[in-house]
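Student: Please take me through this model one feature at a time, with the general idea before each case.

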Amino acid sequence: MGSKNKLKRFNENATFSNVVQPTREEVVNEQLALKGKWRADFFKNNNPIVLELGCGKGEYSVGLAERYPNKNFIGVDIKGARFWRGAKTAVENGLQNVGFLRTQIELIHHCFAENEVDEIWITFPDPQIKYKRTKHRMTNSEFLQRYKQILKPEGLMHLKTDSEFMHGYTLGLLHGEGHEVIYANHNIYKNEGAPNVVTAIQTFYEKQYLEINKPITYIQFKIK
């Protein structure tokens, strides 16, 4: 993507009412005014809040919002030029129950209050396979504790990935730390019983994976 195109998208994001772009300093210094008030001040309703972390182009966030009008969805990513597509689609389609937050995932506990979030989706994250990149894996122990801070006590976590490594790493960690694994499947399109929401929405890259018969894995769990 050219720098001019990126700049155009950044500028357009600034005009979208469904995009929130705080500075890192604002987030770290607890100056994000929406923290604890996402329902009342952003969505202006009292519906459940669902996050998609590392949302990329925002396809999953928008897809979920279309399927579940009685829930609020927030796609979170640091790359605004990517989620511009989802934000623009939501504006064009008049979707009032989806927004986008530009921030680093490691700061997520600074952006939402305790018990403010009902569910979290992690869709096709970078598996960070090298050992020295363990601290960047979005399902490592440290990240799980950050999610726990903002999730309701019975809040659901969803991991959907094409990486067998990420699936196995996460499953092992969940069992090892005593978290509650509700459902796990290493090939959701080949095995019956996968929750409909997992197979009903497919990202651009996911469709490409399926065309070459690459297995898509899924874990649903609760952090204890």
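**Helical turns and salt bridges**

Tutor: Glu92 and Lys88 are separated by about one helical turn, because they stand four residues apart in helix α5 (residues 80–92). Helices here are DSSP runs of H or I with at least four residues, strands are runs of E with at least two, and both are numbered from the N terminus. Before we go on, note that this is a predicted model, in which local features need pLDDT of at least 70 and side-chain atom pairs count only at pLDDT 80 or more, while totals for chains, interfaces and linings use all residues. Residues are numbered from 1 along each chain as its sequence is written, and side-chain values use heavy atoms, with hydrogens and water left out.

Student: With which residue does Glu92 form a salt bridge?

Tutor: Side chains of opposite charge can pair when their charged atoms come close. The term salt bridge is used for a side-chain nitrogen of Lys or Arg within 4 Å of a carboxyl oxygen of Asp or Glu. Glu92 pairs in this way with Lys88, the closest N and O atoms being 3.9 Å apart, and Glu92 itself is exposed, with a relative accessible area of 51%. On that scale buried means under 20%, exposed over 50% and partly exposed in between, with a 1.4 Å probe and protein chains only.

Student: Which residues are linked in a network of salt bridges, and how many salt bridges does the structure hold?

Tutor: The network links Glu12, Arg85, Lys88 and Glu92, and the structure holds 12 salt bridges.

Student: How far apart are Arg146 and Glu142 in helix α7?

Tutor: An α-helix has 3.6 residues a turn, so residues three or four places apart point the same way. Arg146 and Glu142 are four residues apart in helix α7 (residues 141–150), about one turn of the helix, and their side chains meet in a salt bridge with an N to O distance of 2.8 Å. Arg146 counts as buried, at 16% relative accessibility.

Student: Where do Asp162 and Lys214 lie?

Tutor: The side chains of Asp162 and Lys214 meet in a salt bridge, 2.9 Å from N to O. Asp162 lies in the loop between β6 (151–161) and α8 (164–177), and Lys214 in the loop between α10 (204–211) and β8 (217–222), so the pair ties together parts that are 52 residues apart in sequence. Asp162 counts as buried at 14% relative accessibility, whereas Lys214, at 31%, counts as partly exposed.

Student: Which residues of α1 are buried, and which are exposed on the other side?

Tutor: To read the faces of a helix, ask where its buried residues point. The buried residues of α1 are Arg9, Glu12 and Asn13. Around the axis they cover an arc of only 105°, which puts them on the same side of α1; the arc is that of the directions from the helix axis to the C-beta atoms. Ser3, Lys4 and Leu7 are exposed on the other side of α1. Lys6 also lies in this helix, which spans residues 3–13, and is partly exposed, with a relative accessible area of 39%.

Student: Which positive phi values do Lys44 and Asn115 have?

Tutor: Here we turn to the backbone. Lys44 has a positive phi of about 55° although it is not a glycine, and its place is in the loop between α3 (38–43) and β2 (49–53), where Lys44 is exposed with a relative accessible area of 63%. Asn115, likewise not a glycine, has a positive phi of about 65°. Asn115 is found in the loop between α6 (108–111) and β5 (117–123), and is partly exposed, with a relative accessible area of 34%.

Student: How far apart in space are Gln21 and Phe100, and Ala87 and Phe100?

Tutor: Gln21 and Phe100 are 79 residues apart in sequence and 8.5 Å apart in space; Gln21 lies in the loop between β1 (19–20) and α2 (24–28) and counts as partly exposed at 33% relative accessibility. Ala87 and Phe100 are 13 residues apart in sequence, with 6.8 Å between their C-alpha atoms, and Ala87, found in helix α5, counts as buried at 0% relative accessibility. A further pair is Asn47 and Asn97, 50 residues apart along the chain, whose C-alpha atoms are separated by 9.2 Å. Asn47 is placed in the loop between α3 and β2 and, at 23% relative accessibility, counts as partly exposed.
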